[in-house]
Amino acid sequence: MSTDPSGVGVQDSAKLAITDKTGSHSASGFLNRGPRSDRKTVTFGDSSAVRSDWRWSLVSLVLLFFVWWATTRAWGFPSEFQIAEEANYRQIANCNCDDEFTQIVGPRSFPAPRDTWDALKELTTDGFQNISLWEHTWASLSRVLKGMFWGVTVGVPVGFAMGLSSKARGFFDTPVELFRPIPPLALIPLFILAFGIGDAPAVRLLIFASIWIMIIAARSGVQTANLSKVRAAYSLGASKTQVLKNVLLPNALPELFTGIRVALGVSWGTLVAAELVGARDGLGQMIFAARPFFRLDVIVAGIIVIAVLGVLMDILLRVLESVLIPWRGKG
Amino acid sequence: MKDLSVRNVDMVYDVPKGEDVQALKDVSFDLESGRLLTLLGPSGCGKTTLLNILAGFLAPTGGTVTLGDDVITGPSQERGMVFQQGALFEWLTVAKNIGFGPRMNRANKAETAAKTEELLDTVGLSGFGDAMVYELSGGMQQRVALARCLANDPDVILMDEPLGALDALTREKMQKLVLDLWNETGKTVILVTHSVEEALYLGDRLFVMAPRPGRIEREYDLPFAEMALTRDARELKASPEFIEKREEILSLIWEMEEEIMGRAG
């Protein structure tokens, strides 16, 4: 666009700018935030001139889907034959019919888009093993929310204390530095033995996954408070409690939000693994339960749901962030 | 109104693995209420340290500071502070920033709102009450800082290079605003600056400070601040008396700089 002298580029950019404003609730709107810079002549190496072009994101999405479709479906025998074969294959899961499938990726390695779509529909209506997709999803989401709730409720005060008092800093430094490097997954066996199977070990694991992140986010949120702001507040007659509530807390909000986003990502990743071994429901459990039945379609459908939910949560947090802390990065 | 009294103030900073730094040595002065004192000096002369002691942010290692009958031991709303920059609360609107002090004191909401409107008008920001502070220019932000300080009706207003980050034109306008506010409110103002011209123009009284150890090297009582209330700023700053004083103080500061450089070399 920058090499286009005809003015079409300018028109384009105006259109894009509008999409950026009104489309702030879509993923693309977030990815290319910031002022347009079509008039810059030096862009190669200027990182501020590089932003995600949503049209190319669309291209890559379509391309991914095409590769998936083409490798699992397109090349090989006529489609009627394949569909019949696959239906047959599904009925007798351990059929000896590998030779019949000549796609690059056969249905025993990866399901085709159509099968995955069907599995998704089946999951939403009939569910898998009498537990519907909604129940699985809610089981997973509620675990993450519970874990995050306690992670934030306990982590933020501890982090604030560490940022405000040398004693608290010294006291909590030991456990924080000791436990923070432990990958939560390493604790799964321990937690299962200690807390059994079900919600309890998963939720506690998620608390463990999020709490250190929140402590450190809160600590650095306090420490980034500009000394002038704090002094100004005292000079204006604020008490310690008032400084905490009216200066330190709002000042730390951007850092806390970043912490929540990171912790949510880590929790979501930890959750699926935790459910693989220690739960009776949940998306991770669903995926794992589908394996002995060779339900690759269910597995991939589950993975897609997990991915989409992860993206949605991040988008939701970004929307919340732009609404709740519009001053971010503008101090 | 209360007079300010500084008695034999010392300030020594401990430097681990190094020589202690004497930021202030035996500083004493009295400042009657309603004066505008400017503090000028090369970096390291302790002018900001002195201001922080007056604000109550630092406790001197020796000596006492009293305002009226009270010894200063910590920050108080009797002594408002305007910082160089970045001390506004960017999560609050302009009006909420200005009303911060009264709100902390749980003042009547309607009264606070009325006072905020009045102060917005005083500093020339009528209609900007609902703006966020990060939407304002640097000069406008300092106007908010001034208004926020005035909202608590302090006896003394301390300013730490409040205009240092502003461009030349904005700076001149703000200097006039500071003078007008000082004249209208009759408050004691102490302003730290590194601009000789600003110190001369605004100061009804001026201390030139010297470093190592930080001390008051010379004192001036100046007529320019009074004159500036009725005379044009440019004309005043170009007048022979002003230029003469400016050159005198500049050469004084240059001597100090050379002394420091000589000692360092």
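The model is predicted: local features need pLDDT of at least 70, side-chain atom pairs count only at pLDDT 80 or more, and totals for chains, interfaces and linings use all residues. Residues are numbered from 1 along each chain as its sequence is written, chains are lettered from A and ligands numbered from 1 in the order in which they are written, and side-chain values use heavy atoms, with hydrogens and water left out.

**View 1. The open sheet of chain B has four strands in the order β2-β1-β4-β5, with antiparallel pairing.** Strands (E, at least two residues) and helices (H or I, at least four) are DSSP runs, numbered from the N terminus; two strands pair if DSSP finds at least two bridges between them. The edge strands of chain B are β2 (21-31) and β5 (70-71), each pairing on one side only. Five antiparallel bridges join β1 (residues 4-13) to β4 (residues 62-67) in chain B.

**View 2. Strand β8 (residues 188-193) of chain B is mostly covered, with six of its six residues buried.** Buried means under 20% relative accessible area, exposed over 50%, and partly exposed in between (1.4 Å probe, protein chains only). In a regular strand the side chains alternate between the two faces of the sheet. T188(B), I190(B) and V192(B) lie on one side of β8(B), and V189(B), L191(B) and T193(B) on the other.

**View 3. β8(B) pairs in the parallel sense with β3 (residues 36-40) of chain B and with β7 (residues 156-160) of chain B.** The pairing with β3(B) runs over five bridges, and L36(B) has V189(B) as its bridge partner. The pairing with β7(B) also has five bridges, and here M159(B) stands opposite L191(B).

**View 4. At the interface, 24 residues of chain B are in contact (heavy atoms within 4.5 Å) with 20 residues of chain A.** The two chains bury about 2,000 Å² between them, 65% of it on carbon and sulfur atoms; this is the accessible area (1.4 Å probe) lost on being put together, summed over both. In chain B, W91(B), M104(B) and Y134(B) lose the most area to chain A, together 33% of what that side buries.

**View 5. One salt bridge is found across the interface of chain B and chain A.** The side chains of K229(A) and E90(B) form a salt bridge at 3.3 Å, N to O; the rule asks for a side-chain nitrogen of Lys or Arg within 4 Å of a carboxyl oxygen of Asp or Glu.
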